[in-house]
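Q: Could you help me learn to read a structure, one feature at a time?

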Amino acid sequence: MIALKTFKKGGVHPEENKLSADASIQKLSFPKQAIVPLGQNLGAPSKPLVKRGDEVKTGQLIAKGESFISANLHAPFTGKVLKIDDAIDSSGYRRPAIFIDVQEDEQWEEGIDTSETIVREIKADKQTIIDQIKNCGVVGLGGATFPTHVKLTIPEGKKADYLIINGVECEPYLTSDHRLMLEKGEEMLIGIKILMKALEVEKAIIGIENNKPDAINHLNELTKQYVGISIQPLKVKYPQGGEKQLIKAIVNREVPSGKLPIEVGCVVSNVGTAVAVYDAVQKNKPLIERVVTVTGKAVKKPSNFLVRVGTPIQLLIDAAEGLPENTGKIINGGPMMGKAITSLDVPVVKGSSGILLMKRDESQRNSPQTCIRCSKCTMVCPMGLEPYLLAKLAKLSLYERAENEKIMDCIECGSCQFTCPSYLPLLDFLRLGKNKVGQLIRSRK
Amino acid sequence: MYALITLGLLGTVAAVILYFVAQKFKVIEDPKIDLVDEVLPKANCGGCGFPGCRNFAETLVKSANEKQSLEGLNCPVGGNDVMKEVASILGLEVEEQDPLIAVIRCNGSKAHSPVKANYDGPSTCAFAHNLFAGEGGCQFGCLGLGDCVASCDFDAIHMNPETGLPEVNDKCVACNACVKACPRGIIELRPKGKKDRRIFVSCINQDKGGVAKKNCVVACIGCSKCFKVCPYDAITMNNNLAYIDPIKCKLCRKCVDVCPTDSILEINFPVRKKKPESEENVVETKKSMAVMQDTKQDSNNESQS
């Protein structure tokens with residue numbers, strides 16, 4: 001048997017805990033009030049187009065992304081705009097959002113195909129596809145929420161030859177992409193075809209970790225009808241879903257420090273994004289819903305929900321049969337990269353992939369000891385950095401030196417902190433350092 | 001014997017070369033710099049805005065030679081005495097400056113702003129500030145992890161474990177280190193005031209009143225009552241927040257009386273006879289008042305001791 005492909009440098013293998021892998025995607029009921037934050041994408045927040053008291057239909061454009069890296073925002077529900085005010089986001093900070101009083105009977109904006117029938121024929125040409133993706137507010141659903149139309153606009157002089165689709169889902173616990181591949185495989189493949197047309201590439205490779213054999217088999221069956229799309233099973237290793245790691249694993253190319261994947265002729269997109277692209281181009285349906293996993297060892301019913309953006313997290317937890325009593329932490333995202341939230345009123349946004357409820361005993365941190373120079377963090381760092389050194393530099397505010405040591409290459413995967421036998425908060429200090437160095441770089445401009 | 005001679009010769013040759021080199025690269029320094037440097041406190045705190053006392057001494061002498069004035073240059077550690085001495089060395093005069101002290105513009109103690117989410121990450125405000133709004137939910141308030149304490153070279157700022165807030169004592173020399181260290185900009189340098197008495201708004205929350213009050217009972221809610229009552233136009237309202245100009249303020253304490261949330265603090269004033277309070281206020285701030293008086297007494301005691 002040939003050894004499975006994977007990236008070479010570093011990586012860890014945390015417990016997989018894919019508790020909700022067999023739970024099929026369920027539609028979630030609507031909330032009474034929805035909170036739609038304006039800054040749901042990487043880059044500039046969208047500018048609101050509606051005002052207080054306006055009636056909105058589902059799918060109606062309510063905020064426009066005006067700058068280059070920005071995305072449109074559409075009403076996820078039919079109802080009345082209550083106010084445009086600050087609402088807390090997952091970190092507890094207050095950011096502008098549109099509050100919508102949700103009506104029960106739903107009316108879709110005209111021109112949106114809400115039927116379930118699959119449209120296979122791709123009529124749109126390259127520019128129409130990109131425009132349609134831009135209009136429908138599609139962003140990368142892997143978590144970084146980078147506007148997809150920007151990714152598809154390839155800078156002059158560059159040429160993409162591979163489209164890599166990220167179906168890795170290397171974060172433990174999360175299963176939203178897994179379920180999406182199983183249940184919306186066909187839509188996803190058409191979405192990939194559309195992306196291939198927009199990028200003018202011949203080959204697309206879907207990378208899937210080997211712990212999802214059902215998805216691999218299912219898609220292998222389906223891809224027989226789609227020329228140019230192939231499936232690449234990968235060895236289970238975290239952080240394989242990182243853009244640069246995935247490129248290394250699949251086509252064995254290394255993205256230079258500080259550069260984008262297009263530098264080595266690759267464009268990476270998430271499976272969720274491919275489905276959103278299908279919806280946008282074939283059905284004219286804007287990105288207003290996504291699959292969110294609600295999971296945790298104490299959760300009674302770990303589930304995958306198809307949730308409209310703006311739904312409070314409280315509703316998702318209720319649907320998974322409530323908050324377990326001994327919950328210590330509620331994490332937005334996966335256990336490795338997610339962040340704990342401070343309130344249940346926080347809404348689901350385009351970038352939410354999962355809600356993880358951790359028990360009190362497993363959520364507590366061990367008290368940090370001194371570094372014993374075991375070099376484990378350096379060995380597991382997938383970017384080949386020296387996390388102990390960078391964390392120390394950040395702690396001592398030596399930001400110029402940290403910049404020279406390539407702190408900005410850190411992908412914040414958390415492998416170093418996961419593996420540290422002294423329980424040092426390495427990732428925390430790396431994040432602090434990245435933030436400060438980022439400020440430093442911006443101040444130079 | 002040979003060894004002695006060779007070494008002796010080598011030594012002499014080297015001495016002659018070194019003498020000429022020293023003559024060639026001689027740095028002529030104003031002797032006043034040494035004199036000024038001697039007078040300065042040698043704290044090397046950077047409070048003057050220059051890297052170290054020596055550099056400040058150079059700047060002072062340079063300014064005296066070029067502009068014949070010491071305007072804009074001040075050693076906050078040495079204060080007026082040191083600046084007078086410096087001026088006399090340089091044959092100039094300096095204006096007396098009011099001594100400053102750091103004040104903490106947040107009173108969101110654990111009692112005033114109850115903990116809603118526990119934080120168990122690394123104990124630095126700089127990181128916590130990037131991560132989340134704070135344990136009490138106020139996105140402007142003190143995080144209580146003590147970056148200011150770590151930055152202080154003068155042992156002048158300490159965390160009060162009961163309130164979870166830093167407290168400044170008399171050792172403060174207004175070197176600005178804590179002001180720079182605080183990621184939220186809570187600490188401000190204000191004039192010490194006559195008899196060490198100060199009045200300031202102990203809150204920098206710019207949220208709307210309702211939101212601010214929800215997170216913290218002593219938040220400034222931007223009601224403008226103090227703004228209206230102030231006879232000296234010392235108070236300005238900006239973004240739902242009152243600010244008292246320390247220069248215009250005549251310490252009449254009218255604003256302290258009208259503040260519905262007790263977010264304006266008076267420091268080192270004699271205890272007044274309490275007027276009977278309106279019922280509303282009693283209900284809302286009964287608990288907080290008790291705590292606040294405690295903390296006030298604490299700070300009084302500390303500054304006296």
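Q: How far apart do the C-alpha centres of domain 2 of chain A and domain 3 of chain A lie?

A: Before the answer, some ground rules. This is a predicted model, in which local features need pLDDT of at least 70 and side-chain atom pairs count only at pLDDT 80 or more, while totals for chains, interfaces and linings use all residues. Residues are numbered from 1 along each chain as its sequence is written, and chains are lettered from A and ligands numbered from 1 in the order in which they are written. Now to your question: the two C-alpha centres lie 28 Å apart. The contact between these domains takes six residues from domain 2 of chain A and seven residues from domain 3 of chain A. Two residues are in contact if their C-beta atoms, placed from the backbone, lie within 7 Å. On the side of domain 2 of chain A that touches domain 3 of chain A, two residues are nonpolar, four are polar and none is charged. Here Ala, Val, Leu, Ile, Met, Phe, Trp, Tyr, Cys and Pro count as nonpolar, Asp, Glu, Lys and Arg as charged, and the others, Gly among them, as polar.

Q: Which residues make up each domain of chain A?

A: Domain bounds come from an automatic or database domain assignment. For chain A they give domain 1 (25–104 + 288–362), domain 2 (126–283) and domain 3 (376–444).

Q: How is chain B divided into domains?

A: Chain B has domain 1 (15–19 + 23–90) and domain 2 (100–270). Taken over C-alpha atoms, the centres of domain 1 of chain B and domain 2 of chain B are separated by 36 Å. Six residues of domain 1 of chain B touch seven residues of domain 2 of chain B. The domain 1 side of that contact in chain B has four nonpolar, two polar and no charged residues.

Q: How many residues of helix 7 of chain A are buried?

A: Helices (H or I, at least four residues) and strands (E, at least two) are DSSP runs, numbered from the N terminus. A residue is buried if 20 or more other C-beta atoms lie within 10 Å of its own, exposed if 12 or fewer, and partly exposed in between, with C-beta atoms placed from the backbone. Helix 7 of chain A is mostly covered, with twelve of its 13 residues buried. Among them are A:V271, A:V277 and A:Y278.

Q: Which residues touch the most other members of the largest nonpolar core?

A: A nonpolar core is a set of buried Ala, Val, Leu, Ile, Met, Phe, Trp, Tyr and Cys residues joined through C-beta atoms within 7 Å. In the largest one, with 199 residues, they are A:L163, A:I192, A:V277, A:L316 and A:L426. Helix 4 (residues 185–199) of chain A supplies the largest share of this core, nine residues. Leaving out residues up to four places away in sequence, A:L163 touches several residues, including A:I192, A:L195 and A:V267.

Q: Where is B:Q68 placed?

A: B:Q68 sits in the loop between helix 3 (53–67) and helix 4 (79–90) of chain B. Although not a glycine, B:Q68 has a positive phi of about 55°. B:Q68 is exposed, because 11 other C-beta atoms lie within 10 Å.

Q: Which elements of chain B have the lowest and the highest mean pLDDT?

A: pLDDT is the predictor's confidence in each residue, from 0 to 100. Helix 11 (residues 279–304) of chain B has the lowest mean (43), and helix 1 (residues 2–24) of chain B the highest (94). Over residues 276–305 of chain B, pLDDT stays under 50. Chain B as a whole averages 85, and 89% of the residues score at least 70.
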